[in-house]
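Here is a friendly walk through one structure, taken a piece at a time. Have a look at the sequence and the model first, then read on.

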Amino acid sequence: MSGMPLLGILMGLIVESANWIKSRWDFSAETTNRAWQFNVLVIGLATVWIFLIETPYLALPILIAWLPALLLPMQLIQSFGLIASLPLSTFSFLAKNRQERNLRLGLKDPTLQINFGNIYFIGTIIAASLGSETNSLPYSRAFLPCLVVLAGWRLLSSSGSRPLSLLIALTFSGGIALVGQIGLDELSNWLGNRGSSRPIFNPNSATTSIGRLGPIDLSPDIMWRLRTSENSRKPNLLRTGTYNTFYGSTWQNARVTDKDFRDLDNIEPRDGEIYFLLNDNLTPDAQKKAIGANLPRYTIYGTASAETPLPLPGDTTSLRDFELDGVDCNSFGTVRIFPKHSIIQGTVIWQGKTNPESPPILKEDLVIPQIDSEVLQKILKEIRIDEQPTLQAKLAAIRSWFQKNFKYSRTLLISSFNQPNEYRSAIHKFLTNVRSGHCEYFATSTALLLRQAGIPTRYAIGYAVMEFDSTHEEYVIRGTHSHAWCRVWDADQSHWIDFDPTPGSLFANTSMTNSRAQRISDYQKRLREDFFLWRNKPNNRMIVSVVMSILALGVLIFIANKLSKSKRHEAKARLLSIYQEQVIHTSLNALEPLAEKRLGSRPLSEPLGSWLKRLRPWLGGSSALDEAILLHQRLRFDPSPHSQIESKRLTELTKVLESKLKRN
Amino acid sequence: MMNYTTAVRLENAVCSVVRGQPKVIRHVLACMISGGHVLLEDFPGTGKTTLAKAIARTIGGATFKRVQFTPDLLPSDILGVSIFDPRSQDFRFHPGPVFTDILLADEINRASPRTQSALLESMGERQATIEGIKHDLGSIFFVIATQNPVEFRGTYPLPEAQMDRFAMQCTLGYVSAAEEVAILADQTDSHPVDSLSPVATREEIVSLMAAARQVRFSEELRHYVVALVGATRGHPAIQLAASPRASLALMKVSQALAIFEEQDFVTPEMIQAVATDVIAHRILLAPDAKYSGVNARQIVNELIEQIPVPV
């Protein structure tokens, strides 16, 4: 359910052990109330905790999956307490008020009695069906049938008769449950996809929205936060991936293999200061430069999981202070991290002369799709790119051409389907007709144009740093700040440079005002991250664990103390008697379980005799019952000494009655 | 045993006259056997007087007196008075109606509290102190008081102390249509009470009373009785709870009931049967409970349901 089978089994054992252990506790109404309040407190804290560490879409299923563990205190009260059911007033304040009022007015108290075990059982089943393990295929296929079979078995053994109708009913309910489960799966997938704030990153392929219609929908949630150190300027573009092959509407990495990734070297110039170097073949001197104190740097905060690409400026030299299990980098400079905690923090040092990327591979970095080559040549002619002397001039020409003739828009108008013949591709239509689009169009077109002009170019995706939060003095990177641009090979300097051809209106078009809901979500995210970062520091972690264990110990001692005071032994307790001395049970008491099957459990206030007399329809007017009841009463309530004959006679009569009951 | 037959004869005789009330009759007779007094709270015409008369008639040699309580009734009208006899030049004591075996105090709540209280000593201690002289009352002395539950104008509700003196408060209530038809048939010629002949002697009743005290009562049931009575204390709807006298009465009445059930020991069923009659009239409801429409009997019934019975 919560991915911890051992914990589940342990909890199950604890709850079930109530059937083997005879110790019972006498919980007063006040104690159960307190226990429920404690339970609510635990659930509340757990809710806060889960919502802190998870995105809201995923938090609810996780919370439900943990419900059996969270409701355990209440269930323990139910299974180890003397009372068979808890009044509704334990759980509901309104019901409690009503009960108090009724008591004061002397009215009959209609408060519902609830056996918490049933609620707990339902909660466990829901949790089991919602748990993370259910998504793995063999398990989810087996879960529902198993559940139905178990339910059927239980029902069959209790109802006994009419197996056919039971089978039909089970088939129906099983079918409905199956349909419901499929629907739920779809819903949770949908929610999960919406919820995963960062699209799944693939270092080898990036699908663009080229040729798609409609507005681009990006999450406005905060992805990363940057704090630049004093005197450092901010980076403009933070790259998460680079690709070099355009195919259809997808940019891919020609060397589609994970082997392209290599682990980053690290050096430790001083104790406790570990630097990861982006470039692996540096001389010791160059290494020193790469971590140089005069280089600009920023600290980045954010949520990450294994293989999350770290957004870095193109000319990053080294990383420090990250708590990582590993970090690797491919030959295009895409850096993936394997963080120790889900929330990371670290410093990035950049603007060095070293580049993590390998030099261009002309075979790949100059390729353009055949169908677009004609229009690209035409445009290059129009810009007169050949007449520009330097790379910088060429880039400036392209930039100004885009600036002059194109408009930035997040509403896509070009469809890759049903193109009239005059446009060969979406890029073609973008360049000649529509002339408005988002960064992916600009970056792709530019990459192709530059390649056509003989300059090796790659396509880079990542984030544009454009929002500064002055209250927290940090840059905020949201999903809406996702961006795409080009990496252009500067042959003279022999390294790659960033070139962002998208017209500047990009910044104007992004609304900087955030809705109130977004502000709350930002606040929650920031709070959560800061708290975890604070907690993850070794010293703080110790403080937290010490404080938590002292608190937990205190609560445990308090509960244990209270428990030891109200402990009772079941043998005495089951009688639920007002009389504390040992009483003699006659053999007629042995009939009780059998009678319970026919009559339901005996009301607390009904004497055994009159209760058993209701069994007459099954016993067929037997005088043995009357005699047995009389004998029972004599043995039980007559303080004068009784003879062995009487108790023997009662045992005989009980046996007769028992066999009669079993037969009918 | 002899006791049982006496009790059963007594019960059958009364039942033949007062139709359709076997349970109440048994309770009232048990109350008498236990040495307690009973308060019948019922509407006029439901047979309270007939019941009292029938009981008196079935006991051979038992005297029966009836006092109609009115606002101007004085204590001396009940207890008796000394009157100067000019012939003997002396005060002669004229015993009041209290000197009897069975006393029917009809509409007891119509008399002033002073008069009502005149009965207190007699009921509690079976004696009357008149002008400083103690007079013992008969060994049976059984008071059947009645009051009308609806009419309150010109009445003086019984003081709590007086209420506590009654072992039980019973209600006859209306009988079924068939029983009422039988009543009409019975009374076409004469009232059946007039033709009732004694089935037991005074001495037999006295020995029954002694036998009731011998009925065995287990320690566990004593705890049960105390738990039942004790439950009234601290109940939020109850202003004045039942006293230990209630526990005592509950024990005695259930012992007497055992005789009618032909048992020589008490079972929890017997205690439950009389518990409401014994406890309910002794408790005083809190004002907000009273005005919410519940009565003491309902609350006591609820308490009986809540307390685990020994099985």
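## A pair of buried rings

Let's start inside chain A: F402(A) has a relative accessibility of 0%, so this residue counts as buried. Buried here means under 20% relative accessible area, while exposed means over 50% and partly exposed is in between (1.4 Å probe, protein chains only). F442(A) also counts as buried, again because its relative accessibility is 0%. Before going further, note that this is a predicted model, in which local features need pLDDT of at least 70, side-chain atom pairs count only at pLDDT 80 or more, and totals for chains, interfaces and linings use all residues. Residues are numbered from 1 along each chain as its sequence is written, chains are lettered from A and ligands numbered from 1 in the order in which they are written, and side-chain values use heavy atoms, leaving out hydrogens and water.

How many aromatic pairs does the structure hold over all chains? There are 17 of them. To count as a pair, rings of Phe, Tyr and Trp (its six-membered ring) must have their centres within 6.5 Å; planes under 30 degrees apart are called stacked, over 60 edge-to-face, and the rest tilted. F402(A) and F442(A) make one edge-to-face pair, 5.3 Å centre to centre with 80° between the planes. F402(A) belongs to helix α12 (residues 391-405) of chain A and F442(A) to helix α14 of chain A, so their pairing ties together parts 40 residues apart in sequence. Helices (H or I, at least four residues) and strands (E, at least two) are DSSP runs, numbered from the N terminus.

## Two crossing helices

Helix α14 turns up again in a helix packing. Helix α11 (residues 370-383) of chain A packs against α14 (residues 439-452) of chain A at about 80°, with the axes 9 Å apart. Axes are lines fitted to C-alpha atoms, for helices over the stretch in contact, and angles run from 0 to 180 degrees between N-to-C directions. That angle makes α11(A) roughly perpendicular to α14(A), a label for 65 to 115 degrees; under 35 is roughly parallel, over 145 roughly antiparallel, and the rest oblique.

Which residues of α11(A) and α14(A) make the contact? On α11(A) they are D372(A), S373(A), L376(A), Q377(A), I379(A) and L380(A), and on α14(A) they are L448(A), L449(A) and Q452(A). Contact means heavy atoms within 4.5 Å.

## A covered strand

Strand β13 (residues 297-303) of chain A is mostly covered, with 7 of its 7 residues buried. In a regular strand, side chains alternate between the two faces of the sheet. In β13(A), R297(A), T299(A), Y301(A) and T303(A) point one way, Y298(A), I300(A) and G302(A) point the other way, and all are buried.

What does β13(A) pair with? One partner is strand β6 (residues 222-228) of chain A, joined to β13(A) by 5 bridges and running antiparallel; here W224(A) has G302(A) as its bridge partner. Strand β18 (residues 343-350) of chain A also pairs with β13(A) in the antiparallel sense, over 7 bridges, and T299(A) has T347(A) as its bridge partner in β18(A). Strands count as paired if DSSP finds at least two bridges between them.

## A three-strand sheet

Chain A also has an open sheet of 3 strands in the order β4-β9-β8, with antiparallel pairing. Its edge strands, β4 (205-207) and β8 (245-247) of chain A, each pair on one side only. The twist averages 20° from one strand to the next.

β4(A) is joined to strand β9 (residues 250-252) of chain A by 3 bridges, and the bridge partner of A206(A) in β9(A) is W251(A).

## Stepping back to the chains

Chain A has 23 helices and 27 strands, and buried residues make up 45% of its 664 residues. Chain B has 13 helices and 13 strands, with 54% of its 311 residues buried.
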